Amino acid sequence: MGDTLLPAIGTEILIPACSLVAIAFALLQWLIVSRVKLSPGGLDSAGANSGSGKNGYAEYLIEEEDGLNDHSVVLKCADIQNAIAEGATSFLFTEYRYVGIFMVAFAALIFLFLGSVEGFGTSSQPCKYDPTKLCKPALATAIFSTISFMLGAVTSVVSGFLGMKIATYANARTTLEARKGVGKAFIIAFRSGAVMGFLLAANGLLVLYITINLFKLYYGDDWGGLFESITGYGLGGSSMALFGRVGGGIYTKAADVGADLVGKVERNIPEDDPRNPAVIADNVGDNVGDIAGMGSDLFGSYAESTCAALVVASISSFGINHEFTAMLYPLIVSSVGILVCLITTLFATDFFEIKDVKEIEPALKRQLIISTILMTVGVAIVSWIALPSSFTIFNFGTQKVVKNWQVALCVAVGLWAGLIIGFVTEYYTSNAYSPVQDVADSCRTGAATNVIFGLALGYKSVIIPIFAIAVGIYVSFSFAAMYGIAMAALGMLSTIATGLAIDAYGPISDNAGGIAEMAGMSHRIRERTDALDAAGNTTAAIGKGFAIGSAALVSLALFGAYVSRAGISTVDVLSPKVFIGLLVGAMLPYWFSAMTMKSVGSAALKMVEEVRRQFNTIPGLMEGTAKPDYATCVKISTDASIKEMIPPGALVMLTPLIVGILFGVETLSGVLAGSLVSGVQIAISASNTGGAWDNAKKYIEAGASEHARTLGPKGSDPHKAAVIGDTIGDPLKDTSGPSLNILIKLMAVESLVFARFFATHGGLLFKI
């Protein structure tokens with residue numbers, strides 16, 4: 001089998017070192033962002049280097065703001081930023097309070113169920129995969145799984161919270177920089193996104209690495225038990241992500257739909273107009289949904305794909321022969337991914353200057369391409385030094401001989417499949433291409449044709465990503481069985497720091513535009529922030545594409561690990577037990593989507609009524625002489641999302657438990673397969689439909705081409721039809737679509753954690 005070139009001590013230095021480098025880099029980026037001062041006296045430091053002529057705005061850098069002096073603008077921006085930050089912080093604290101209670105209850109459940117596998121016995125048992133050796137008791141697995149579950153949940157919460165804090169810190173600074181040119185604003189927004197990306201990647205890696213080393217002190221040579229208990233880390237991460245995504249998604253879309261329908265369609269006032277009572281809630285929503293939710297979601301994917309790979313490796317030759325470096329190969333890949341992303345980020349912030357609006361989207365796409373190419377080289381090197389030249393991987397009861405270059409190819413396949421999914425998503429959601437322009441054109445004849453074209457676009461956009469995922473699965477499974485699929489998923493997520501930087505950039509730019517409008521800045525500033533925001537919309541869709549693609553691979557890898565743990569040799573579709581599971585599993589994403597869509601609808605209904613009430617009863621509101629009551633709208637969004645996130649969350653968390661206990665491991669395997677197959681399709685089509693409608697509206701509003709000008713201006717009938725499409729698409733792209741990828745991952749990882757309990761005590765109905 002042979003040894004690895006990288007010694008164990010090298011691994012012990014490399015993984016924490018890369019994590020610390022990422023944290024240092026994130027702090028450096030934050031320091032640079034913080035140089036933009038939010039006090040009138042601090043403008044000099046921001047403008048000190050502005051005479052350089054960079055970014056295409058050489059002489060008239062801090063422009064005279066059409067009759068507004070700089071001091072009042074800066075103070076207004078600071079006030080608005082404070083209101084958004086306070087709203088976001090108070091919502092997240094409220095959400096975490098409720099979710100915290102749920103987490104403690106679920107942790108107790110994990111302990112009880114897993115401890116009961118061997119009747120809470122404390123004596124060592126013969127190992128499942130090697131009966132000649134003794135393994136730690138099930139009670140130990142129960143205790144350590146519960147601890148890792150809590151650790152995963154806390155890391156997920158911290159990831160989301162830090163992201164939100166950084167975004168609310170950077171939004172007004174991006175607005176102020178937009179006065180010096182679009183390039184300056186882009187760099188501030190991008191650096192802020194990078195802070196979140198690198199902190200999250202480092203957190204996930206470091207906490208997991210420390211946990212493994214601490215658990216090893218107890219488990220010793222029982223690596224099977226050690227890595228089985230580590231799976232709780234992925235479950236904790238994803239269960240928090242589910243509530244963050246659903247709660248944040250309901251919050252942001254209730255406010256967005258309410259603000260758009262009354263403000264833009266009924267009252268004909270611009271987006272983010274300070275007279276609109278729902279405008280602060282709308283901007284708070286961008287931070288709690290798109291930033292905190294997305295952060296927790298991608299952290300969950302990362303934790304689960306790593307856990308799936310570690311579980312399979314622990315019962316392969318790495319685990320049996322106790323090869324430490326080869327065992328931690330998934331963490332080494334992530335460590336190298338951090339270094340690759342660091343180099344890639346410099347291309348956007350230091351090597352290339354953005355001088356024009358047209359250069360924004362190519363700069364963001366370049367990030368994806370550069371990180372993928374560099375990572376491919378990185379993976380080849382890592383596989384050569386961190387894996388033996390030949391080894392065996394557990395494959396449903398047999399050991400399959402695998403070469404190190406085959407695993408490298410598995411990671412590369414995932415990496416490039418992610419890039420393909422990203423670019424296909426961009427093609428279908430960016431208004432630079434014909435699909436979105438066709439949707440915009442269909443607005444000529446009203447909202448109905450716009451909706452029809454948008455739905456068709458979403459369904460069509462599923463085709464290529466599914467083929468990419470299918471090829472990825474086939475190639476990686478052929479080379480390295482389920483370990484290959486887990487590594488392909490990790491490959492897709494190996495450049496997570498860059499992916500998150502691009503993703504967080506969108507909501508920050510969106511907020512910056514909102515602040516510019518509310519502070520009464522000139523239309524030139526708003527045009528620049530709109531250009532940043534339109535590019536951000538597309539990158540957000542690309543981010544969702546990555547999240548969904550990786551979720552499909554992750555849940556398949558977890559499914560494989562679950563089948564191994566539960567002792568199922570084959571999943572027979574012709575067996576009625578499995579087939580009924582398939583049917584029910586395929587139905588679950590529809591049930592879940594119905595819940596989340598209806599939640600957004602009912603919350604938006606309350607919001608619309610409140611916004612209308614304020615417009616009708618507050619004298620001088622439309623004239624701009626009276627201030628709206630922002631706090632009531634923030635409260636409506638907060639209360640609705642906290643109340644409405646519980647049922648969809650309970651559906652996802654309880655389904656595997658109910659099916660496993662009542663119907664057993666085989667039916668549960670059917671449910672997991674069914675939900676994976678249908679969930680991926682709905683998630684991709686929902687996200688892309690919503691993204692296309694949003695950008696069709698922006699295409700008409702920007703009026704950048706002759707075709708767009710024939711459909712505009714704002715307030716025209718085609719524009720109103722586009723706003724209606726955008727409003728329908730909001731819950732699709734920001735609530736249901738992104739939450740579905742958590743549904744398929746979470747059910748799979750939960751089944752894996754409880755696999756031994758279901759195998760021992762499950763299937764009660766069939767035992768009667």
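Modeller: A cavity is a set of points where a 1.4 Å probe fits but cannot get out. With that in hand, a search of this whole predicted model finds 12 cavities of 30 Å³ or more.

Colleague: What volume does the largest cavity have, and which residues are the closest to its centre?

Modeller: The largest cavity has a volume of about 370 Å³. It is lined by 30 residues, and Asp 290, Asp 510, Asn 537, Asp 694 and Lys 733 are the closest to its centre.

Colleague: Which elements give two or more residues to that lining?

Modeller: They are helix 6, helix 7 (279-314), helix 16 (496-518), helix 17, helix 21 and helix 23 (717-753). Helix 17 contributes the largest share, 6 residues.

Colleague: What makes a space a pocket and not a cavity?

Modeller: A pocket is an open set of points, whereas from a cavity the probe cannot get out. The largest pocket has a volume of about 1,100 Å³. Of the 35 residues that line this pocket, Val 357, Ala 531, Ala 534, Ala 702 and Ala 704 are the closest to its centre. Helix 17 gives the most to the pocket lining, with 8 residues. By class, the pocket lining holds 15 charged, 14 nonpolar and 6 polar residues.

Colleague: Let's turn to the helices. Why are helix 13 and helix 21 called roughly perpendicular?

Modeller: Angles of 65 to 115 degrees count as roughly perpendicular. Helix 13 (residues 434-441) and helix 21 (residues 665-702) pack at an angle of about 70°, with their axes 8 Å apart. The two helices are therefore roughly perpendicular to each other.

Colleague: Which residues of helix 13 and helix 21 meet?

Modeller: Val 436, Gln 437, Val 439 and Ala 440 of helix 13 meet Ala 692, Trp 693, Asn 695, Ala 696, Tyr 699 and Ile 700 of helix 21. This contact has 8 nonpolar and 2 polar residues, with no charged ones.

Colleague: How do you know that Glu 228 and Arg 756 meet in a salt bridge?

Modeller: The cut-off is a side-chain nitrogen of Lys or Arg within 4 Å of a carboxyl oxygen of Asp or Glu. For Glu 228 and Arg 756 the N to O distance is 3.2 Å, so the pair counts as a salt bridge. The structure holds 29 salt bridges.

How values were computed: Residues numbered from 1 in each chain as written. Predicted model: local features only at pLDDT ≥ 70, side-chain atom pairs only at ≥ 80, totals over all residues. Heavy atoms only, no water. Axes fitted to C-alpha atoms, helices over the stretch in contact; angles between N-to-C directions. Helix = DSSP H or I, 4+ residues; strand = E, 2+ residues; numbered from the N terminus. Parallel < 35°, antiparallel > 145°, perpendicular 65-115°, else oblique. Contact = heavy atoms within 4.5 Å. Nonpolar A, V, L, I, M, F, W, Y, C, P; charged D, E, K, R; others polar. 1 Å grid on protein atoms, 1.4 Å probe; cavity = no way out; pocket = protein on both sides within 12 Å on 5 of 7 lines; lining within 4 Å. Points joined across faces, edges and corners; volume = space filled by probe spheres on them.
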